[in-house]
Structure formats: C-alpha cells, structure tokens
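Trainee: I would like to learn how to read a model like this one, feature by feature. Where should we start?

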Amino acid sequence: MNYNHPYSEISRQYFVSTPVVPAVRGNVVSVNVKPNTPIKTGHLLFSIDPIPYQNKVDALKAQLISADLDFQRAVQLMKQKIGRQRDVDTTKAKLDNLAAKLNDAEYDLSRTEVRAYSDGYVTQMMVYPGLYVVPMPLRPAMVFVQQESFTYVGWYRQNSSMRLEKGNE
C-alpha cells in the first residue's frame, strides 16, 4: 500500500519569521492587526504618535522659508555690488542644510506608520496602544510570518519515494 500511496510519518513546516522593529520611537496610538489573521502587503500594522515628527517638519519648513529669504537677499545685494560672496555662500549652505534636515524629518514622519512588507500574518504581538516603542532589534513590537516563505518537508521510506513525482498532492 505504501508503494502506491506514499505517506510520511515525519514532516515539518518551515517558514521565515521577521521581527517587526519600529524605525522611530514614540507612543503607539493604534494597533491595526489581530494575531494569526491573514493580511496583505501594505496593511497598516500599527501607528506611532506622529505629532512630534509633524512638529519638526513644520518647524523646519518655517526655517527653510526664512533661510530662502536670506539667500535671496544675499544674492540681490551681491548683484548690487553691496554684498559679499561669502554671505551668498553661507546662506546657500544654510538653505541646503535645512532642506536636507527637512527631508530627514519627512522621512521619519512617514515611518510612524508601520506597514506589512508582504502578505502574511502577525504571530506574536507585544505592542498595544499607549506602549512606548523604540527602534531596538532586541525588543520587536511583533513577529511577522511571510506567506510565501512556507516550505513543507517530509521524510519518506525508500520504497515510498519510488513513485513520488513533482506535482503530486
């Protein structure tokens, strides 16, 4: 019977589990997933309070407006042969520096929403609203299992494996 209907007494299921570690620190304001429930790519797992990050973006935008006006004034004075090239260079550097800081701040703001990078499910949730999370790999907020990572392995006797072919159920 085992020759025509091979079976395995020993089998294993392997999969990749990924610790979900937030990229920014802050208070968790919402958890949008339930454990062991299938989710799709891009699903919001949890959110971190965006207010401090939004405040930083707003402050840098205000500074950027002021720095741009200073740069325009320095260029105008230079054209009128009243200003110095050094003033143009320093205001331009300040403008570029603030633009780079604004890009970083907007990037951090976008990372307050932690999303699933693939289809799968959350198997261990160690986060809840009100918890303060930090970007530390030793303390993940949850563990995510990727749907496409499942592999099934079975051990068959030599006689059983003679009729096994790729695609058999």
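Mentor: Start with the sheet: it is open, has four strands in the order β5-β4-β3-β7, and its pairing is antiparallel. Two strands pair if DSSP finds at least two bridges between them. Strands (E, at least two residues) and helices (H or I, at least four) are DSSP runs, numbered from the N terminus.

Trainee: What should I know about the source before going further?

Mentor: This is a predicted model, in which local features need pLDDT of at least 70 and side-chain atom pairs count only at pLDDT 80 or more, while totals for chains, interfaces and linings use all residues. Residues are numbered from 1 along each chain as its sequence is written, and side-chain values use heavy atoms, with hydrogens and water left out.

Trainee: How many bridges join β3 to β4?

Mentor: Three bridges join β3 (residues 26-31) to β4 (residues 44-48), and the two strands run antiparallel. As one case, Val 31 has Phe 46 of β4 as its bridge partner.

Trainee: How many helices and strands are in the chain?

Mentor: The chain has two helices and nine strands. Along the sequence they follow the pattern β-β-β-β-α-α-β-β-β-β-β.

Trainee: How do I read the length of a helix?

Mentor: The expected span of a helix is 1.5 Å times one less than its number of residues. For α1, with 29 residues, that rule gives 42 Å, and its end C-alpha atoms are 42 Å apart, so the two agree. For α2, with 26 residues, the rule gives 38 Å, and the end C-alpha atoms are 38 Å apart, so these agree as well. Just after α1, Lys 81 takes a positive phi of about 65°.

Trainee: Which residues of the helices are buried?

Mentor: Buried means under 20% relative accessible area, exposed means over 50%, and partly exposed lies in between (1.4 Å probe, protein chains only). In α1 the buried residues are Tyr 53, Val 57, Leu 60, Leu 64, Ala 67, Phe 71 and Ala 74. What covers them includes α2. In α2 the buried residues are Val 88, Thr 91, Leu 95, Leu 98, Leu 102, Ala 105 and Leu 109, and these pack against α1.

Trainee: Which residues of the largest nonpolar core touch the most other members?

Mentor: A nonpolar core is a set of buried Ala, Val, Leu, Ile, Met, Phe, Trp, Tyr and Cys residues joined through side-chain atoms within 4.5 Å. Here the largest one has 29 residues, and Val 20, Leu 45, Phe 46 and Met 142 touch the most other members. At least two residues of this core come from each of β4, α1 (51-79), α2 (85-110) and β8 (142-146). The largest share, seven residues, comes from α1.

Trainee: What does Leu 45 contact?

Mentor: Contact means heavy atoms within 4.5 Å. Apart from neighbours within four places in sequence, the contacts of Leu 45 include Val 20, Val 31, Ile 39, Val 114, Val 122 and Met 142.

Trainee: Is Thr 112 buried or exposed?

Mentor: Thr 112 has 3% relative accessibility and therefore counts as buried. It lies in the loop between α2 and β5. Beyond neighbours within four places in sequence, Thr 112 is in contact with residues including Val 24, Phe 46, Ser 47 and Tyr 53. Ser 47 lies in β4 and, at 9% relative accessibility, also counts as buried. Among the contacts of Ser 47, again leaving aside neighbours within four places in sequence, are Asn 27, Val 29, Thr 112 and Glu 113.

Trainee: Where does Tyr 14 lie?

Mentor: Tyr 14 lies in β1 (residues 10-14) and is partly exposed, with a relative accessible area of 43%. Not counting residues up to four places away in sequence, Tyr 14 touches Ser 149, Phe 150, Thr 151, Val 153 and Trp 155. The C-alpha atoms of Tyr 14 and Leu 45 are separated by 23 Å, and the two residues are 31 residues apart along the chain.

Trainee: What is the radius of gyration of the chain?

Mentor: The radius of gyration is taken over C-alpha atoms, and the globule rule is 2.2 Å times the number of residues to the power 0.38. The chain has 28 Å, whereas a compact globule of 169 residues would have a value near 15 Å. Along the principal axes, the C-alpha atoms fill a box of roughly 100 × 35 × 25 Å. Buried residues make up 27% of the 169 residues.
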